[in-house]
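Please keep the structure open while you read.

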Amino acid sequence: MERLRGIVPPLVTPLTPDGALDVPGLERLVAHVLDGGVHGVFVLGTTGEAAGLSYALRRRMIDETARCVAGRVPVLVGVSDTAVAESVELARHAAAAGASGVVVAPPYYLPPGQPELLDYFRLIVPRLPLPCVLYNMPPLTKVTIGDEVLEALAGEPGIVGIKDSSGDLSYFHAVERLAHRPDVGWSVFMGPELLLMDAVLAGGDGGVAGGANLFPRFFVRAFEAAEAGDVARCRALEAHVLEIRELYAVGQHASAVIKGLKSGLEALGICGPDLAEPFRRFDEAERRRVAALVEALAPLDRSGAASDG
């Protein structure tokens, strides 16, 4: 896989009310983000509800996404699991489907210590049939991929990048310095979209922004502004990122982010609002609030929108 830069949306997994994969919804979603100019797609991450999906549904999501993308951009597949064998098996399926790389977070539930985490990555990475992007997600895995682990992995064959969703810019900057050493050459992606432009201005390679499911053109323009070093435009665009984040505050729990995205996609006519069990979609009143927000924000996704500031 060639070195990846830009906006790589973590796709939601469109579901029918009975929990099956909504293939027409996925087709519309992939067409929507590709039309928006994104540089890749990432399936089966946190936004894709991977931990709540059956393995059969995960495999079908991989197959159908690869079919819809048809090689136009790289497809990254989350294979994080508590069992190494399951991660490796899903990675093999992703390779057979034509994916470009896999994304691996630390195993969750029983948080490993840092020496155990290093052992984990040294065990799993050589077994993966595709290039690996590390996924630092301490809010959910309860463990950070620490500096010493990253330093030890810096020359490891098979690792091509890292996605950081810690929200800690000082950590991100340290990772960026290590990853961009001549002897390492990893891509470094920011998770939280509010920090996207600061991350790219500081030398990061792009962002995995959930809001790009809804507004891909806007986030591509945000990346391009930061890549060009246009600080004034970045600051103007950040105000709109804050507006987009209002979609995630409609609900009260951690699931509200995914519920907001899926309800927003429903408002755009792309896919339904249903989540993987045991989570339920927003009720009608909440979905109306999201629809009103999406309607107000729609001008952001027009090419060359004057509202960029």
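1. Helix 9 (residues 216-227) and helix 10 (residues 231-245) are roughly antiparallel to each other, since they pack at an angle of about 150° with their axes 10 Å apart. Over 145 degrees counts as roughly antiparallel, under 35 as roughly parallel, 65 to 115 as roughly perpendicular and the rest as oblique. Axes are lines fitted to C-alpha atoms, for helices over the stretch in contact, with angles from 0 to 180 degrees between N-to-C directions.

2. A word on the basis: this is a predicted model, where local features need pLDDT of at least 70 and side-chain atom pairs pLDDT 80 or more, while totals for chains, interfaces and linings use all residues. Residues are numbered from 1 along each chain as its sequence is written, and side-chain values use heavy atoms, without hydrogens and water.

3. Helix 9 passes helix 10 in a left-handed crossing (the near helix is turned anticlockwise from the far one by less than a right angle; clockwise is right-handed). Helix 9 makes the contact (heavy atoms within 4.5 Å) through Phe-218, Phe-219, Arg-221, Ala-222, Ala-225 and Ala-226, and helix 10 through Arg-233, Cys-234, Leu-237, His-240, Val-241 and Ile-244. By class, that gives nine nonpolar, one polar and two charged residues (Ala, Val, Leu, Ile, Met, Phe, Trp, Tyr, Cys and Pro are nonpolar, Asp, Glu, Lys and Arg charged, the others polar).

4. Now the aromatics: how many aromatic pairs are there? The count comes to three, where rings of Phe, Tyr and Trp (its six-membered ring) pair if their centres lie within 6.5 Å, and planes under 30 degrees apart are stacked, over 60 edge-to-face and the rest tilted. Phe-42 and Tyr-135 are edge-to-face, because their ring centres are 6.2 Å apart and their planes at 80°. This pair links distant parts of the chain, with Phe-42 in strand 2 (residues 41-43) and Tyr-135 in strand 5 (residues 132-136), 93 residues apart. Both Phe-42 and Tyr-135 are buried (under 20% relative accessible area; exposed is over 50%, partly exposed in between, with a 1.4 Å probe and protein chains only).

5. The rings of Phe-218 and Phe-219 also pair edge-to-face, with centres 5.2 Å apart and planes at 85°. Phe-218 is buried at 0% relative accessible area, and Phe-219 is buried at 0%.

6. Finally, the axes of helix 11 (residues 256-267) and helix 12 (residues 284-297) come within 9 Å and cross at roughly 65°, which means helix 11 is roughly perpendicular to helix 12. Their crossing is right-handed.

Notes:
Helix = DSSP H or I, 4+ residues; strand = E, 2+ residues; numbered from the N terminus.
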